[in-house]
Amino acid sequence: MTIPNHSPWIKQLKRVRGVSPIRESTKTDVVIVGGGIAGVTTAYFALTRTNKRVVLVEADKIAHGATGHNAGQITSYFERPLSDLVKEFGFDMAIDGLRSVESGWQLLDEMVSTAKLRVPLYRFTGYAGMTSLEQIVLQLEDNILREKGGLPIEQIIVAEDWSGCVEIPSKYDGMYEVARHKDVLSLIECSDPAYVASLSYQKGCLNSALFSEELIQYLAETYNNRFAFFEGSPVKAINLSQNSAELEILDYKIEAEKVVLCTNGFENFSIRNEGGSEIDTKFHHLIAGRVGYMSGYIEPLKHPPVAISYFPKSGGSHSDPTGDEYFYLTRRPHEHKGAISFNLICTGGPEKVLPNGALYSRDEASSDEVRILIDDFLNNTYDKYPENDVEYAFFWHGLMGYTPNGIRRVGPEPCNPVLLYNLGCNGVGILPSVFGSLRISKFLNGENVEQTIFDPKDQRCEIE
């Protein structure tokens with residue numbers, strides 16, 4: 001049995017606008033490639049923070065790629081423990097990187113307020129369930145670094161009757177709370193006694209596709225004298241010189257001073273660098289693909305919005321979900337059959353690696369094996385799962401781009417600064433995309449931008 005790719009975020013768009021591809025060659029200051037949340041928010045900050053003329057091009061439709069096929073969670077953690085980032089980048093830069101991502105909350109609020117967006121943006125305390133001493137100690141270590149860096153710490157509650165509680169080193173005394181096991185399970189809405197601790201911190205949820213659609217309409221109306229966007233306009237080639245770029249799109253060309261790639265890294269275009277060393281191969285090896293699978297079912301509106309991650313004994317931690325299998329769940333109000341008295345429960349976790357050179361098809365159906373994995377998780381872990389077999393209203397998948405070190409790429413290409421990047425969702429892409437957009441606008445504005453952990457330096461080379 002196969003299951004069609006049916007996303008709730010795309011359905012909620014109720015799109016009636018037709019596709020308008022590029023129809024003539026043109027010149028502009030900045031070209032943004034990619035019409036997901038990264039591209040649209042990059043356009044927002046380029047228009048509101050600079051006086052540049054901006055053109056955005058999207059191969060398909062606005063927000064119909066990864067942005068319309070994600071989990072919809074807003075989280076601020078990286079895929080690596082903070083202690084790992086400190087080892088690689090140093091304490092100050094690692095803390096600044098985490099603080100920068102968390103600043104995305106305020107930037108989201110700014111865009112919603114300025115553009116008067118109607119899309120619901122939910123913010124709440126989210127949770128993670130942990131099953132091992134190793135996971136708990138890792139979070140305690142990260143809390144020490146967070147506190148030292150002036151960042152809010154994540155609350156940790158451990159089951160007092162768990163046998164491993166006495167094994168937590170005494171140096172962490174006072175850094176976590178204890179509670180009855182049943183109360184810990186209640187926090188993470190879990191029925192599996194293997195979960196012995198909870199982690200809580202600010203999370204949220206957002207239909208980033210609807211957010212992007214509403215925001216780009218605002219930009220088109222407000223900045224129509226220096227902004228245009230084209231859908232159904234795949235880029236074939238990006239030709240870079242020392243001071244400008246030329247993009248080949250369909251049968252037309254766009255000349256620009258700067259090009260910003262806000263893509264997932266799997267586009268079928270070439271990058272030719274006449275102003276320095278070769279870029280194309282390095283760029284297309286910069287991102288590794290993972291296909292994430294998600295499901296959603298409808299229930300009555302009985303519980304508030306929430307986001308919870310579950311890390312089994314074989315899994316990772318909240319800061320390091322790249323270990324073995326883990327699952328995540330979000331709940332939010334949802335319009336169903338014309339009524340708003342329903343919740344949508346979204347669950348994800350199963351992934352598969354996209355082999356090098358393989359093509360991802362959004363139209364490919366999911367196998368029944370994926371559904372069974374999600375069914376088993378819900379049956380065995382989530383205590384609010386319906387007793388009877390659930391009828392999924394949605395089942396979807398999306399392509400995520402992972403950088404080698406799990407850090408988003410935000411900034412100029414070292415081989416030619418005419419090209420800039422805001423890419424690499426690494427599984428939790430909303431806040432990094434938004435922060436990255438503001439940072440890109442500073443480069444476009446000619447500001448002196450400090451070095452960060454997001455600089456694209458893995459492929460650094462000398463400009464010839």
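Helix α2 and helix α8 touch through I37, V40, T41, A43, Y44 and L47 on the α2 side and S208, F211, S212, L215, I216, Y218 and L219 on the α8 side. By class, this contact between α2 and α8 holds ten nonpolar residues, three polar ones and no charged ones. The model described here is a predicted one. Helix α2 covers residues 37–49, and its axis comes within 9 Å of the axis of α8, with a crossing angle of roughly 30 degrees. Angles under 35 degrees count as roughly parallel, and α2 and α8 are therefore roughly parallel to each other. Their crossing is left-handed.

**Other helix pairs**

Two packed helices are described by the angle between their axes and the distance between the axes. The table gives these values for the helix pairs in this report.

| Helix pair | Angle | Axis distance |
|---|---|---|
| α2 and α8 | roughly 30 degrees | within 9 Å |
| α3 and α4 | about 130 degrees | 7 Å |
| α4 and α5 | about 25 degrees | 4 Å |

Helix α3 spans residues 82–89 and helix α4 spans residues 91–102. With the angle of about 130 degrees between them, α3 and α4 are therefore oblique to each other. The crossing in which α3 passes α4 is right-handed. On the α3 side the contact is made by L82, L85, V86 and F89, and on the α4 side by F91, M93, A94, I95 and L98. What classes do the residues of the contact of α3 with α4 belong to? Nine are nonpolar, and the contact has no polar and no charged residues.

Helix α4 also packs with helix α5, which runs over residues 104–114. The angle of about 25 degrees makes α4 roughly parallel to α5. Here S100, V101 and E102 of α4 meet G104, W105 and Q106 of α5. This contact of α4 with α5 has two nonpolar residues, three polar residues and one charged residue.

**The six-stranded sheet**

Six strands form an open sheet with mixed pairing, in the order β10-β4-β3-β14-β23-β22. Its edge strands are β10, at residues 227–230, and β22, at residues 409–413, each of which pairs on one side only. On average, and with direction ignored, neighbouring strands of this sheet are turned by 15 degrees against each other.

At one end of the order, strand β4 (residues 54–57) pairs with β10 in the parallel sense, over four bridges. Which residue of β10 is the bridge partner of V55? The partner is A228. Helix α8, residues 208–222, packs on the sheet and touches β4 and β10. The direction of α8 makes about 135 degrees with that of β10. Helix α11, residues 430–444, packs on the sheet as well, touching β3 (30–33), β14 (258–261), β22 and β23 (416–423). The direction of α11 makes about 165 degrees with that of β23.

**The five-stranded sheet**

An open sheet of five strands has the order β2-β13-β12-β11-β15, and its pairing is mixed. Strands β2 and β15 (270–273) stand at the edges with a single partner strand each, so one side of each is left without a neighbour in the sheet. Within this sheet, strand β12 (residues 245–249) and strand β13 (residues 252–256) run antiparallel and are joined by five bridges.

**Salt bridges**

How many salt bridges does a search of the whole structure find? The search finds 22. One of them is formed by R17 and E231, whose closest N and O atoms are 2.6 Å apart. R17 lies in the loop between α1 (8–13) and β2 (26–27), and E231 lies in the loop between β10 and β11 (235–240), so the pair ties together parts that are 214 residues apart in sequence.

Note on methods: Residues numbered from 1 in each chain as written. Predicted model: local features only at pLDDT ≥ 70, side-chain atom pairs only at ≥ 80, totals over all residues. Heavy atoms only, no water. Pairing = 2+ DSSP bridges. Helix = DSSP H or I, 4+ residues; strand = E, 2+ residues; numbered from the N terminus. Axes fitted to C-alpha atoms, helices over the stretch in contact; angles between N-to-C directions. Contact = heavy atoms within 4.5 Å. Parallel < 35°, antiparallel > 145°, perpendicular 65-115°, else oblique. Left-handed = near helix turned anticlockwise from the far one by under 90°. Nonpolar A, V, L, I, M, F, W, Y, C, P; charged D, E, K, R; others polar. Salt bridge = Lys/Arg side-chain N within 4 Å of Asp/Glu carboxyl O.
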